[in-house]
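Please keep the sequence and the structure in view while reading.

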Amino acid sequence: MNAASFTKSFWHDEAKKLEFRTKHLINGEWVDSEDGTTFDTINPATGETIAKVASGKAADIDKAVKNARETFKSGVWSMLAPRERLAVIERFSALIEENAVEFALLDCLDMGKPVMDMINIDIPESVKNLKFFAETADKVHGSLTATDPSVVHYILRQPLGVVGLITPWNYPLMMAAWKLGPALITGNSVVLKPAEQAPLSCALLGDLFLKAGGPAGVLNVVQGLGEEAGKAIGLHPDVDKIGFTGSTEVGKLLMTYAGQSNMKRVTTECGGKTPQIVFADYDNLDKAVTSAVYGIYGNMGEMCNAGSRILVQRPIYDEFIKRFSELTASNMVVGDPLDPDTTIGPLVTVEQQERVLEYIEIGKKEGATLALGGGRGLNSGCYVEPTLFTDVTNSMRVAQEEIFGPVGTVIPFDTAEEALEIANDSLYGLAAAVWTNDLKTAHRFGRDLESGFVWVNTFDIGDMTSIWGGYKQSGNGRDTCIEALSQYTQTKSVWMDMA
Ligand code: NAD
């Protein structure tokens, strides 16, 4: 597919042809909610209702979990030869590629993501992730240990059973794909609950898993609101594990639900307030500026690792802000997410738009300088224009709280010690970046920044050999890496007396 040549009219024409999967997928069947209720999913660019989606409650979750458990026990997937599971997940990833246009449209319509971001980032990253985990099928295993000859001792690595996956709306397809890879390849059965703001692409995922030859009941998709369907998964006594990506607040709730029910395992990938630290000695200021602009305005700032705190050393402070403002003006295009030229679509919902606009008011009241933006950008739709606060101090709410919108804050600093202290003064610890030519500073910050990812002289780059996960209240999970497999398996000793 040569998507780059596609036009706005192509995407609009394709959007008109879409048919939506609005029911739950339970045991291979598309079913309504037990109580027949639905919720609306709304296009944030237009305010129109895209579809009415089945609204799952505890009864629907219970049905899905029971089916997932039966499927797990039957061995149809959990006991399948690893290379047969590998073949299914490879076909699944190939089908995602084949259906790229539909996936791109579903997430664009649901949450306002610019269509080229889907083509260039979300879809290839989802495919890459699933392929990587498919390849691990027969490469991660237990072991035979060195024991006294009168004993045979081996360690089995086994799937957990029924896994509940609860995912956010900011990368609806990609966050689900990241979790499905390790959860499925290790033999678990899954109940996936997508975010209610952007549920449609996960339903397509469920459909394609069946088409790839995945047995019914292995991947169940139950739609619904967080405090109903999500909570029911969290409290269910027969769910063995939750894989969660979302806010820190809900991550904490899920840990509580686990304690209130069956002590299920919970891994969390939560919020962030990523510092980008730019030293005056760094010799490619334009590269740092470009990364800062895309780092905060990419995906409309609705990124867990959005570079929302930009720490700039005082000698280059004014020049940095000048170049940042110029690049934003020339490269950030607020508009229709189905237009390939758009880089900033609407925020996901009216509530999110209002929340972000409220933070802009808070920043002004706290005394930060509004250097860029601050308004809605467009008169209709849930837009907020790229916004920048300068002269920010780290104690301000706009520097401490996750705004989750296109709002950057610039904080000046003098010394490396001061920069490190500011960067680490956050309840979050997902990611950080440092820009310097000094090797010692680079290593020191790599070691001492309290975050799960540190980039040096680059930003938001990685592959399947790197890990994705947080320090502190950014969560305890590890996605997109071999380590993720241990989160979906458990180990067992088998000790055999041979005397
Ligand atoms: P959210 O926490 O509101 O919702 C995430 C999911 O949890 C949704 O499916 C929602 O329905 C469900 N949920 C909500 N309340 C629930 C409850 N009481 N019980 C069970 N489930 C419940 O988050 P969001 O607004 O969808 O996503 C944005 C957040 O996700 C941001 O904080 C962002 O930083 C974070 N995020 C983190 C990563 C990461 O890898 N660390 C990646 C993407 C997003």
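A polar contact is a pair of N or O atoms within 3.5 Å. In this predicted model, an oxygen atom of the ligand is placed 3.3 Å from a polar backbone atom of Gly-246, and a backbone N or O atom of Gly-226 is likewise 3.3 Å from an oxygen atom of the ligand. For Thr-167, the distance between a polar backbone atom and an oxygen atom of the ligand is 2.7 Å. The ligand taken alone exposes 840 Å², of which the protein buries 91%.

## The pocket and its shell

The ligand takes up the space of the largest pocket. Helix H8 (226-235), strand E10 (241-245) and helix H9 (248-260) are the elements that each give two or more residues to the shell around the ligand.

In total, 30 residues surround the ligand, the closest being Thr-167, Trp-169, Glu-196, Ser-247 and Glu-402. Sorted by class, this shell has 16 nonpolar, 8 polar and 6 charged residues.

## Contribution of the domains

Both domain 1 (3-270 + 475-493) and domain 2 (275-463) supply at least three residues each to the shell around the ligand.

Note on methods. Residues numbered from 1 in each chain as written. Predicted model: local features only at pLDDT ≥ 70, side-chain atom pairs only at ≥ 80, totals over all residues. Heavy atoms only, no water. Near = heavy atom within 4 Å. Polar contact = N/O pair within 3.5 Å; in protein donor to acceptor, adjacent residues only side chain to side chain. Areas by Shrake-Rupley, 256 points an atom, 1.4 Å probe, with all protein chains shown as cover. 1 Å grid on protein atoms, 1.4 Å probe; cavity = no way out; pocket = protein on both sides within 12 Å on 5 of 7 lines; lining within 4 Å. Sits in = over half its atoms within 2 Å of the grid points. Helix = DSSP H or I, 4+ residues; strand = E, 2+ residues; numbered from the N terminus. Nonpolar A, V, L, I, M, F, W, Y, C, P; charged D, E, K, R; others polar. Domains from an automatic or database assignment.
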